[in-house]
Amino acid sequence: MHSRLPRGPARRRREFASPAILSILIVLAACFAATAARAQERRDREPNSVYLERRARLTAQVDCPIVLLGLTGREESSQTYIFEQEENFYYLTGHNEEGAGMVILPAKSSGNDASNSPREILYLPAKNPQKEKWNGVRMSPADPGIEARTGFATVKLFAEMRAAVENLAKTYPCIYTILPYEKELGGYPHEKEVVDWLQQAAPQSKLKDIRAQITALRQIKSPGEIAFLQRAIDLTVDSHLEAMRMMRPGLHEYEVAAKIVEVHAMGGSEAEGYAPIVGAGPNSTALHYDRLSRKIEDGDIVVLDVGAQYSGYSADITRTIPANGKFTPRQLEVYNIVLGAQNAAIAAIKPGMDLCQKGSKSLHKISYDYINSHGKDLHGKSLGQYYIHGLGHNIGLNVHDPGEYCKALEPGMVVTMEPGIYIPEENLGVRIEDDVLVTDTGYKLLSERLPREAAEIEKIMAQGAAQRAKAAKRGDD
Ligand SMILES: [Mn+2]
């Protein structure tokens, strides 16, 4: 499950000043500069040739220029905001700094544009030594070797981008960009601002949406992306194992979450893919439980849904474990139904199957039918009604990467498999979630190292308890 919360539009930075507070602002200016958003330092990125090839695959599909803008870094005023590039822009450039833009021309020339005009231009902010004293060095068009660093044959000042778009509008009847997915608030504020900017620069051009073409590319992972995902998954497996070893009644949910984040960060993860979910007892039945405040009690079942981010890519793995190290008979019964449903769905993964809720290719239906035909609730009713979400989704630069649920799976896609049963009446929620690469003939379970069998989980928890007892005894000596 688990979503990265959308960046709050309500927290958009507003810039205004009245004369009365101007002097205060001047005094405080240094403080504001010091607390400006910092850019997320990603551990690694793919070679420039990979981003270049993605752009080439896009420009081969269009007959008009593609114009995209990255995020500005001013989307939020929160003190804890860390700049992360807009995902589609990052996917096509690997550029993770503020205030960039890009114009790429269609591969098939319309015949009107001068053949010697650059086909790809990256626009970057001018060098600002004053700002760099606070925030560190940023790339700029004047940097020696900037073309080789960015992988763009032409790199220009962002201030020149608008005139370039105005010129393109004289040659081409249309411009491709990412249109807001809903008319009013969708994609707010970034996508709406880009469209407003384009409409002002090129009022006569028809704007066309390039989102579907980029999404189609993003769904098939490159070898580099799979390596980053595997690293994120491995860190997340490590944190789950650590959580299993430390879990016991008396801990608070936030203590377990803190350990998970520590394991991720110490292993090189630059951020959490999403806010960690640790839900004990009744909280196990809330899909996106986010308070982390409960003191974990003897007899609780605990849902742990966490994912490290590595080089921009997020894992998404869930385990459900007994707080005291031993599943009750009822917890075990429901746990094994979810595990059986997950195993049935995973076994059926191959190209051609899909994540649609219905149909003969539906993996979801396989998991639902399993759950609905095993076990009962307290009233003798089937359990299908307690399986209240989809089976899985794509992961990638976003923990909920874009993708069509009813589109056939293809080799190179990486999806989650996460059936669940949530029975509030019994304070019993169980979700098991793993990350799977679709291959030519079937699948590869990327999170295989993390045990799913109840007995194996209990064994790891018992080892953790024994280690704690030993450490406590040493402390007594
Ligand atoms: Mn998920």
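Just after helix α10, G268 takes a positive phi of about 105°. Helices here are DSSP runs of H or I with at least four residues, strands are runs of E with at least two, and both are numbered from the N terminus. This is a predicted model: local features need pLDDT of at least 70, side-chain atom pairs count only at pLDDT 80 or more, and totals for chains, interfaces and linings use all residues. Residues are numbered from 1 along each chain as its sequence is written.

Now step back into α10 itself. The helix has 14 residues, 253-266. At 1.5 Å a residue they should span 20 Å, and the end C-alpha atoms are 20 Å apart, which agrees. (The expected span is 1.5 Å times one less than the number of residues.)

Which residues of α10 are buried? They are E253, V256, A257, I260, V263 and H264. They cover an arc of only 120° around the axis, which puts them on the same side of α10. (The arc is that of the directions from the helix axis to the C-beta atoms.) An α-helix has 3.6 residues a turn, so residues three or four places apart point the same way. The face turned away from the buried side carries the exposed residues E262 and M266. Buried means 20 or more other C-beta atoms within 10 Å of a residue's own; exposed means 12 or fewer; partly exposed lies in between, with C-beta atoms placed from the backbone.

What covers the buried side? The cover includes α9 (223-246), β9 (271-272), β10 (277-280), β11 (301-306) and β12 (308-310). Contact means C-beta atoms, placed from the backbone, within 7 Å.

Take α9 next. The axes of α9 and α10 come within 9 Å and cross at roughly 145°. (Axes are lines fitted to C-alpha atoms, for helices over the stretch in contact; angles run from 0 to 180 degrees between N-to-C directions.) L235, D238, S239, E242, A243 and M246 in α9 meet V256, K259, I260, V263 and H264 in α10.

M244 also lies in α9. M244 is buried, with 25 other C-beta atoms within 10 Å. Not counting residues up to four places away in sequence, M244 touches I321, I457, I460, M461 and G464.

Finally, the sheet. Three strands form an open sheet in the order β9-β12-β13, with antiparallel pairing. β9 and β13 (313-314) stand at the edges, each with a single partner strand, so one side of each is left without a neighbour in the sheet. Strands pair if DSSP finds at least two bridges between them.

Conventions:
Contact = placed C-beta atoms within 7 Å.
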